[in-house]
Amino acid sequence: MARRRGIMSDRFKEELAKELGFYDTVQREGWGGITTRDAGNMVKRAIEIAEEALAREHQK
C-alpha cells in the first residue's frame, strides 16, 4: 500500500517543531525521532492555526 502524501508542507512542520521546542530532535534524528506526544501537539497546533485563519476570514 502506498504512503499517503502529507497535507502539511515540510516548512510548516519545521516551523511548528521550532515553536513547540523539538526541532533539534528533528534535525538530529529526522521526523521518526519525535515522540508521539510531540507529533500530537504538532497536529493540535496546526488545527489551532487553521481555526484562527478561518475565524479571521469569517470576520472579513
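Figure 1. For the protein chain, the mean pLDDT is 92. A pLDDT of 70 or more is reached by 92% of its residues. Where pLDDT is low, the predicted coordinates should not be read in detail.

**Figure 2. The largest nonpolar core.** Eight residues make up this core. They are Leu16, Ala17, Phe22, Tyr23, Val26, Ile34, Met42 and Ala46.

**Figure 3. Phe22, a core residue in a loop.** Phe22 belongs to the largest nonpolar core and is located in the loop between α1 and α2. Its relative accessible area is 5%, so Phe22 counts as buried, the cut-off being under 20%. Apart from neighbours within four places in sequence, the residues in contact with Phe22 are Ala17, Trp31, Ile34, Asp38 and Met42. Asn41 is 19 residues away from Phe22 along the chain, and the C-alpha atoms of the two are separated by 11 Å.

**Figure 4. Phe12, a partly exposed residue of helix α1.** Phe12 is placed in helix α1. Is Phe12 buried, partly exposed or exposed? Phe12 is partly exposed, because its relative accessible area of 29% falls between the cut-offs of 20% and 50%. When residues up to four places away in sequence are not counted, Phe12 touches Ala46 and Ile49. The C-alpha atoms of Phe12 and His58 are separated by 23 Å, with the two residues 46 apart along the chain.

**Figure 5. Arg45 and its surroundings.** Arg45 is part of helix α3. Which residue has a side chain joined to that of Arg45 by a polar contact of 2.6 Å? The partner is Glu19. Residues up to four places away in sequence left aside, Arg45 touches Leu16, Glu19, Leu20 and Glu52. Leu16, one of these, is also a member of the largest nonpolar core.

**Figure 6. Lysine charges over aromatic rings.** Two lysines are shown, each with a ring. The charged end of Lys13 sits over the ring of Trp31, at 5.3 Å from the ring centre. Lys18 lies over the face of Tyr23, and here the distance from the ring centre is 5.0 Å. Trp31 is also in contact with Phe22, while Tyr23 is one of the residues of the largest nonpolar core. How many aromatic pairs are counted in the model? The count is zero, because a pair needs ring centres within 6.5 Å.

Conventions:
Residues numbered from 1 in each chain as written. Predicted model: local features only at pLDDT ≥ 70, side-chain atom pairs only at ≥ 80, totals over all residues. Heavy atoms only, no water. Phe/Tyr/Trp six-rings, centres within 6.5 Å; stacked < 30°, edge-to-face > 60°. Lys NZ or Arg CZ within 6 Å of the ring centre and 35° of its normal. Core = buried A, V, L, I, M, F, W, Y, C linked by side-chain atoms within 4.5 Å. Buried < 20%, exposed > 50% of the residue type's maximum accessible area, 1.4 Å probe, protein only. Contact = heavy atoms within 4.5 Å. Helix = DSSP H or I, 4+ residues; strand = E, 2+ residues; numbered from the N terminus. Polar contact = N/O pair within 3.5 Å; in protein donor to acceptor, adjacent residues only side chain to side chain. pLDDT = per-residue confidence, 0-100.
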